[in-house]
Amino acid sequence: MNVDEFWSVVERARAAAGVAAGQPQRDGQPSAVADALVTELTRLPLSHIVAFDQVFGEVADRADNWDLCAACWIIEYGFLSDDGFSDFQAGLVGLGRDAFESTVRAPDSLADHPAVRLISASEGSHLWIGDEALLFAPEAAYERLAGDSEAFWEAVAAAQPAADVASAEPAEERWDLTDENEWRRRLPRLFELFRARRFAAE
């Protein structure tokens, strides 16, 4: 499976999810895009599901830099962990190819996305870009077809037995994620969009 084929599957899932595909994830609610993605993947051969998962990782890795770590921190209520950032990367994929590519090119462009604007205007901390369920959609689809929860991981290991372990941190030089001046310089629109919610109490 190549990148274009990967995105074709994602976009079909987004179309099936309807208006929910452009909205943030809500605490305690299932992911409409992830559910639709599982359905789309069950239409593929098992080997293609494994290939989709591999390309998913490669695509998500393109959204691995410190500016996007900072965007995650700003948008997702000051929470930033390895797992949380992986969920955030998956959620960016779930926003679709155009939004994903724009975000990779210019992380501050997330300030224009309707889902991000909904989060900035919301009360509390119940809306998210991060979508953990998307990460597990290939496994769920594979299990639905194969009837074996372990078969997916065995197939993944067999397909890439010599895969390198990814670095836990982006490759470029780290900047001080606690430096408000850096927020203003690197992500000025996100800073302004969220400043009343994220920074007024600091």
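R97 and D4 form a salt bridge in this predicted model, with 2.9 Å between the closest N and O atoms; a salt bridge is taken as a side-chain nitrogen of Lys or Arg within 4 Å of a carboxyl oxygen of Asp or Glu. The pair connects distant parts of the chain, 93 residues apart, since R97 belongs to helix α6 (residues 97-105) and D4 to helix α1 (residues 3-17). Helices (H or I, at least four residues) are DSSP runs, numbered from the N terminus. R97 is partly exposed at 26% relative accessibility, where buried means under 20% relative accessible area, exposed over 50% and partly exposed in between (1.4 Å probe, protein chains only). The model is predicted, and local features need pLDDT of at least 70, side-chain atom pairs count only at pLDDT 80 or more, and totals for chains, interfaces and linings use all residues. Residues are numbered from 1 along each chain as its sequence is written, and side-chain values use heavy atoms, with hydrogens and water left out.

Over the whole structure, the search returns 11 salt bridges. Another of these joins R12 to E40, with an N to O distance of 3.0 Å. Here too distant parts of the chain are linked, R12 lying in helix α1 and E40 in helix α2 (residues 32-41), 28 residues apart. R12 is partly exposed, with a relative accessible area of 36%, whereas E40 is buried at 10%. Between R62 and E101 the closest N and O atoms of a salt bridge are 2.9 Å apart. R62 is placed in the loop between α3 (46-61) and α4 (66-75) and E101 in helix α6, so this pair ties together parts 39 residues apart in sequence. R62 is partly exposed, at 40% relative accessible area, while E101, at 18% relative accessibility, is buried.

Helices α3 and α9 pack at an angle of about 170 degrees, and their axes are 9 Å apart; axes are lines fitted to C-alpha atoms, for helices over the stretch in contact, and angles run from 0 to 180 degrees between N-to-C directions. Helix α3 is therefore roughly antiparallel to α9, given that angles under 35 degrees count as roughly parallel, over 145 as roughly antiparallel, 65 to 115 as roughly perpendicular and the rest as oblique. The contact (heavy atoms within 4.5 Å) is made by L46, I49, V50, F52 and D53 of α3 together with P138, A141, Y142, L145 and A146 of α9. Within helix α3, V50 is buried, with a relative accessible area of 9%. V50 touches Y142, A155, V156 and A159, residues up to four places away in sequence not being counted. The C-alpha atoms of V50 and N65, 15 residues apart along the chain, are separated by 26 Å.

Helices α1 and α3 pack at an angle of about 100 degrees, with 10 Å between their axes. This arrangement makes α1 roughly perpendicular to α3. On the α1 side V3, F6, W7, V9 and V10 take part, and they meet F52, V55, F56 and V59 in α3.

On the surface, L135, F136 and W153 form a nonpolar patch with about 280 Å² of accessible area together. Patches are made of residues with over 30% relative accessible area and no salt bridge, like charges being joined within 9 Å and nonpolar side chains (Val, Leu, Ile, Met, Phe, Trp, Tyr) within 5 Å. Accessible areas come from the Shrake-Rupley method with a 1.4 Å probe; for residues, only the protein chains shown count as cover. F136 sits in the loop between α8 (132-135) and α9 (137-146) and is partly exposed, with a relative accessible area of 41%.

Notes:
Helix = DSSP H or I, 4+ residues; strand = E, 2+ residues; numbered from the N terminus.
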